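User: Could you walk me through this structure? I would like to ask about local details and helix packing as we go.

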Amino acid sequence: MADRKTENPHAIFIPFPLQGHLIPSVLLAVKLASKGFTITFVNTESIHHSIIKSSSQSAINGSHHHDDGDVFAEARKSGLDIRYATVSDGLPLGFDRSLNHDQYMECLLHVFSAHVDEFVGNLVKGDVSINCLIADSFYVWPLMISKKYNLVNISFWTEPALVLNLYYHMDLLKKNGHYDPLDKHEDVIDYIPGVDSIKPRDMMSYLQATDTNTVSHRIIHKALFEDARSADFMICNTIHELESHTISTLNQMQPFYAIGPIFPNKFTQKLVSTNLWYELDCTRWLNNRPLRSVLYVSFGSYAHISKHDLAEIAHGLLQSGVSFVWALRPDIVSSNDTNALPLGFEDKIKDQGLIVPWCDQKSVLSHPSIGGFVTHCGWNSVLESIWCGVPLICFPLLTDQFTNRKLVVDDWKIGINLCEGNLVEKEDVTKKVKGLMIGEKSSELRNEIKKVKTTLQDALALGGSSQRNFDQFISEVRIKTNNMK
């Protein structure tokens, strides 16, 4: 019999079913497997279906495709022990989750846990080696499931530490009139442990909301205020040096490991497909453009934008004369309105811009002709942009994006705001775009982002903080799982 001490953990890994959560989850699964973990990775059937659909569309257009629908087939060929399974989120496959957001969230809150419970129960019965559960921190059931099946409970937080810390202190915010309801809009909040100061407008949209009885609020209360705090370990896609004050505070509450940025060894390498849309390749178009002359525009995979704002941004880009690539998913305004751009806009831009429904963001950002990024400030986008040394124009839309914007613009000074007020105006867009791409502000931002990029690289390098934290986390998990036998 093998020596017990050398046995590697076997973890069930369940990512949250949104693109922004899926990307770092898949990369983390590969990273853990390359350290000897066995991973059983579980997607919802709906997410699985979208990935297969988008990769079969790529196959029609000549790129690689997984026939059997196992997204980890390539990773296994390279010797990693990653198994793949799917579970129902409780809704029919054809159900429009984007259009019926609240109904979808209610399902994740109340129904999904029953499917997960049944799935994990069957898995554990059939394979006694399973000893860990890695689940996204936004889930409400990890504590219950890990207790029931005697699994080490590992919570994966895909956003900055600052955001988690604010959620952890909702009771303090409430006590001081800064949440539920938010009465004092102009105050500076300076009483949260681990946060020097923050303005209400820089908190996550859920903390700024007037109606706090929504399903999203119920999920946040249950998942973050109750469930995630009791995890055995919390791993986070952030960098210690960028959030050291906040992280040391979180560390007093639970074992917290900053292991970001979670990227593949080769930044643009794709072992696993995580795309929910078919990607168009922009390389050839970009190859014909001068160094740092093109602006990349994308508002992410999930948030919606108003038709007015979209039109102002479109006209502002046109007026600026700057070249751009715009990843504009068809349902950006709503899945009911797929012609969101102003009439005739695509004819007007001629050679100035390229509009695609979706693209491989990492390969676009790392292209030498890209000089700036207009972004919704999703956390993956922020980290990827820093890694490529591309300064940002920030237009947050929801959740953590407002807080991410604060880090980018106010704390790290590697980006600017698209609009100072709430109203987007095309003149403003034109001014900001030109300022970022050619103004003197441009070189200031580039110098700052070079420094932050070095911080990211150093953290992942041999002996760097993220690399050390990752190794420490793994050895702690090994000890804990071996002790549980």
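User: What should I know about the model and the numbering?

Analyst: This is a predicted model, in which local features need pLDDT of at least 70 and side-chain atom pairs count only at pLDDT 80 or more, while totals for chains, interfaces and linings use all residues. Residues are numbered from 1 along each chain as its sequence is written, and side-chain values use heavy atoms, with hydrogens and water left out.

User: Where does Arg97 lie?

Analyst: Arg97 is in the loop between strand S3 (82-87) and helix H4 (101-110). Helices (H or I, at least four residues) and strands (E, at least two) are DSSP runs, numbered from the N terminus.

User: Is Arg97 buried or exposed?

Analyst: Arg97 counts as buried because its relative accessibility is 10%. Buried means under 20% relative accessible area, exposed over 50%, and partly exposed in between, with a 1.4 Å probe and protein chains only.

User: Which polar partners does its side chain have?

Analyst: The Arg97 side chain makes a polar contact with the side chain of Ser46 at 3.4 Å, and the Arg97 side chain also reaches the backbone oxygen of Pro92 at 3.2 Å. A polar contact is a pair of N or O atoms within 3.5 Å; within protein, one must be able to donate a hydrogen and the other to accept it, and residues adjacent in sequence count only if both atoms are side-chain atoms. Not counting residues up to four places away in sequence, Arg97 touches Ser46, Asp89, Leu91, Pro92 and Tyr104; contact means heavy atoms within 4.5 Å.

User: And Thr44, what does it touch?

Analyst: Leaving aside neighbours within four places in sequence, Thr44 is in contact with Pro17, Thr86, Val87, Asp89 and Phe112. Thr44 belongs to strand S2 (residues 38-44) and, at 2% relative accessibility, counts as buried. The C-alpha atoms of Thr44 and Thr86 are 5.2 Å apart, although 42 residues separate the two along the chain.

User: Changing topic: which peptide bonds are cis?

Analyst: A cis peptide bond joins Asp180 and Pro181, with omega about -5°, and another cis bond runs from Gly260 to Pro261, with omega near -10°. Pro181 is in the loop between helix H8 (170-175) and helix H9 (205-208), whereas Pro261 is in the loop between strand S7 (256-258) and helix H12 (283-287). Most residues other than glycine have a negative phi, and most peptide bonds are trans.

User: Which non-glycine residues have a positive phi, then?

Analyst: Among them are Asn150, with phi of about 55°, and Asp180, with phi of about 50°. Asn150 sits in the loop between helix H6 (142-148) and strand S5 (152-157); Asn150 counts as partly exposed at 48% relative accessibility. Asp180 also counts as partly exposed, at 27%.

User: On to packing. How do H16 and H19 meet?

Analyst: The axes of helix H16 (residues 379-387) and helix H19 (residues 440-460) come within 8 Å and cross at roughly 100°. Therefore H16 is roughly perpendicular to H19. Axes are lines fitted to C-alpha atoms, for helices over the stretch in contact, and angles run from 0 to 180 degrees between N-to-C directions. Angles under 35 degrees count as roughly parallel, over 145 as roughly antiparallel, 65 to 115 as roughly perpendicular, and the rest as oblique.

User: Which residues make that contact?

Analyst: Leu383, Ser385, Ile386 and Trp387 of H16 meet Ile449, Val452, Lys453, Leu456, Gln457 and Leu460 of H19.

User: How about H7 and H10?

Analyst: Helix H7 (residues 161-168) and helix H10 (residues 215-227) pack at about 100°, with axes 9 Å apart. Leu164, Tyr167 and Tyr168 in H7 meet Ile220, Leu224 and Phe225 in H10.

User: Finally, how many aromatic pairs are there?

Analyst: The count is 24 aromatic pairs, where rings of Phe, Tyr and Trp (its six-membered ring) pair if their centres lie within 6.5 Å; planes under 30 degrees apart count as stacked, over 60 as edge-to-face and the rest as tilted. One of the pairs, Phe324 with Trp326, is edge-to-face, at 6.5 Å centre to centre and 70° between the planes. Both Phe324 and Trp326 are buried. Ring pairs also link Phe16, Phe112, Phe138, Tyr139, Trp141, Trp157 and Tyr167 into a cluster.
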